[in-house]
Structure formats: structure tokens, C-alpha cells
Amino acid sequence: MNSKSVIIPIHSEDKYGTRSLLNDGSVDLPGKNAEAFVKTIPFDAPITELLHPEVRYEVTDHCNASCIMCPRDKHEHAREHGIMDQALYEKSIDEVVALGAKKIVLTGFGEPMLDKRLELKIKYAKSKGLSTYIISNGSILNSKRARTILEAGLDEIRISFYGMSPETYNAVMQGLDFNKTMTGMMEFLKLRDELGAKTKIQVSYLEMEENKADTGKFREFWESIVDAIEIWRPHNFGDGRDYRDRVEEVEIKNTCGRPENGPLQIQWNGEVIPCCYDYNNQIILGNAFTTPVLEILNGPKYRLLRYAHRQKQFEMFPYCNQCDQLLPHADALVYTNRHNLPAEEAVKLSNTDLFNLADAKEIDEEVLNERYKQKA
């Protein structure tokens, strides 16, 4: 069997019950019974709508690249792999729209364009009045696929492009081809303008030792022809890599804001996790395809996660405790032309809808750069 097609055995039917979720190994409460402990933490007012107007759907966790900064090697045999069922997706969309969803991001730990029904998912979301966004490596943007994506009504695409020559790009984005991707992206830009489509195109760069010499070339080439660019330094992807230091001192850690302020992250099989950094579904909070979203948000494990972050008791969730998103990381942003916020504020933002996750507030449109703002 091809190793890329390995399927992890399905867990018991009770996997998403309260007892199973609290005792699946992702919660660490030494000497305490997790179910009993949850009953002792304060109850908040019941959540009656989404914490955040954006919902992220991992339409697939498959990818056609093995980028060096991405822990796909640690993902290959760690969880089930697949593509999100269309009917279950549509049912979920109906539910989250009723709960206040305004924007849908059709990306998780995978290349969304490997989902052959991606255009149908975009169209369905658009039919419900939702804004749609994908993050892609751009390698599949051939002329036919570019047209169907644009005609589906996609609102925004962020393309990862980590090198400005075949040597650097192919070394970092292993499995892809610089010339093929570049040709496809230029055709995509041309076709968008010919069709008069309103799709925003953003190109993103991760600056590493392997491609640092190309950073200036990236900015010089892309800034004038797309709607926005951003240049970042890589993060650890949870436990996947070690680009940033990890520390134990709780006094310098602060919540990332995600458990409190979203966005809701639904994986291809319906599992709800705290955020996109949990690429192997290590903190499962429920399953949105079998359990109502509000029941998950108000459930014991989600409540415990929010409590741990509020109290800065991150050790209750070891996966959170070692995450670099709890630490100061203003130096992670090298450059952006989407807005004019200082780096200290910019790193608090969701990189999709620019919602301030730490302070729970929407971005002031006045700080958006005109080209990016007007393309909407």
C-alpha cells in the first residue's frame, strides 16, 4: 500500500462523548478526575452564536507538496486522511449561517484544490451569502481550474510562494515546480482581470535560511501585480517544527485568544479542534457532523479549554502549553501591505479575516491599504 494512503483505524463510537473527550490524553489534570473538575469551574452565560463570524473547513488534509517548514512527515500516520463529504459540509454550512457565520475559509492542513468538489463548496457557501477564502500553494492553477474557481465566485485566495527561482522554490516547496506554478499564477491573474472577477489575490512568503536571499526579489516582483503580499518568519506549527524557542515560564505566556474568540475549526471528518496549529487533531472538542455546534461550544471540554486560557493554566492542555503562539512574537512579521498596523498588533490578527483574536475586535477598515480594501 502506498504510504500516503494509510488510513488510521476508526475509534470507538463513543469517541466524542464527554468522558472520552476529557480522557483522550489531551487534558492533563494530575491527581484529579477531569469530569469532576469541570463541574467546579465557573459557568459562563450560554453561548448562543458563533464566537467569531468566520468558520474554517478543512476540505481535505491531502497535499501535493512536502514543504520543508511543514510537518507533513509527522502527519502522515497520525490521523485519518480524506476529503470532506459534500452533503455533510452543506448541512454544516446551513447550521453555522444560522449561528452568525459571515466568512468561510476552505482550508486546513492540506491543499484545498485537491478536493474536486471545491468549486461546489464555494458555490454553496456563496448561495448562503458567505464570503469565501482559500489558502493554496497555487500549483494546480491551470487555465481550466483557474476559470472554474473564479466562476464559482471565490472572494479571496492566498497563495504560498516561497522562492523566486527554481533553485530556492523547489528546495523549499518540495514536490512542486517553480516554472509550472509561476505560469499558472500569471495566467490566473490575467484571467481574473479578463473576466472582471472580484477575487482578491494575496501572495505570502515565509523567510527562511534557504530562501532569505530572495525576500527582496519576492517583494519587488509581486507587490505591484497582486492585491496584497505578506512576508513572515516561520512558526513551529504546534509541535511540528522548532523555528521558535519554547519556554516553560508561565509568567511570559498569554492566551492566543483562539479558544475564546474563534474561529471555529472543523476538520475534513467533522472533528472540531481549537485552531489550525493542531494539525493532527490532538485536542478534539467534538464532531460538528454528529453534534450541534452550540453543544460543542458549550460542552465540558471547550469550557475547560477556555478556562485554562483565561487562568493562564496552559499546562492543563500540554499541546497548547508548548505552542509559540502564547509567547511574544512581533518579530514574526517581516512585511505586509494589507494594513499599516505595527507588528505588535498585527500578530494578534487572524491572517484570514484580520480579526483581532487576542482582544476580540474587528479591524478598523481605515488601517487597510486602499488597493486591498477596494478589491472587495
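Reader: What should I know about the model before reading it?

Author: The model is predicted: local features need pLDDT of at least 70, side-chain atom pairs count only at pLDDT 80 or more, and totals for chains, interfaces and linings use all residues. Residues are numbered from 1 along each chain as its sequence is written, and side-chain values use heavy atoms, with hydrogens and water left out.

Reader: Which residues touch the most other members of the largest nonpolar core?

Author: In soluble globular proteins, nonpolar side chains tend to be buried together. A nonpolar core is a set of buried Ala, Val, Leu, Ile, Met, Phe, Trp, Tyr and Cys residues joined through side-chain atoms within 4.5 Å. Buried means under 20% relative accessible area, exposed over 50%, partly exposed in between (1.4 Å probe, protein chains only). Here the largest core has 93 residues, and Tyr57, Ile104, Phe161, Trp222 and Leu304 touch the most other members. Helix H8 (residues 178-195) gives the largest share, 6 residues. Helices (H or I, at least four residues) and strands (E, at least two) are DSSP runs, numbered from the N terminus. Another core, of 7 residues, lies apart from the largest one; Ala228, Leu354, Ile363 and Val367 are among its members.

Reader: What does Tyr57 touch?

Author: Contact means heavy atoms within 4.5 Å. Leaving out residues up to four places away in sequence, the partners of Tyr57 include Met84, Tyr89, Ile104, Leu106 and Ile266.

Reader: Is Ser165 buried or exposed?

Author: Ser165 counts as buried because its relative accessibility is 17%. Its place is the loop between strand E4 (156-160) and helix H7 (166-172). Beyond four places in sequence, Ser165 touches Asn170, Phe178 and Asp214.

Reader: How many salt bridges does the structure hold?

Author: A salt bridge is a side-chain nitrogen of Lys or Arg within 4 Å of a carboxyl oxygen of Asp or Glu. The structure holds 25. Take Asp61 and Arg79, which pair at 3.9 Å, N to O. They link distant parts of the chain, 18 residues apart. Asp61 is buried at 1% relative accessibility, and Arg79 is buried at 5%.

Reader: Where do Asp227 and Arg192 lie?

Author: These two side chains meet in a salt bridge at 2.6 Å, N to O. Asp227 is in the loop between helix H9 (215-222) and strand E6 (228-232), and Arg192 is in helix H8, so the pair ties together parts 35 residues apart in sequence. Both are buried.
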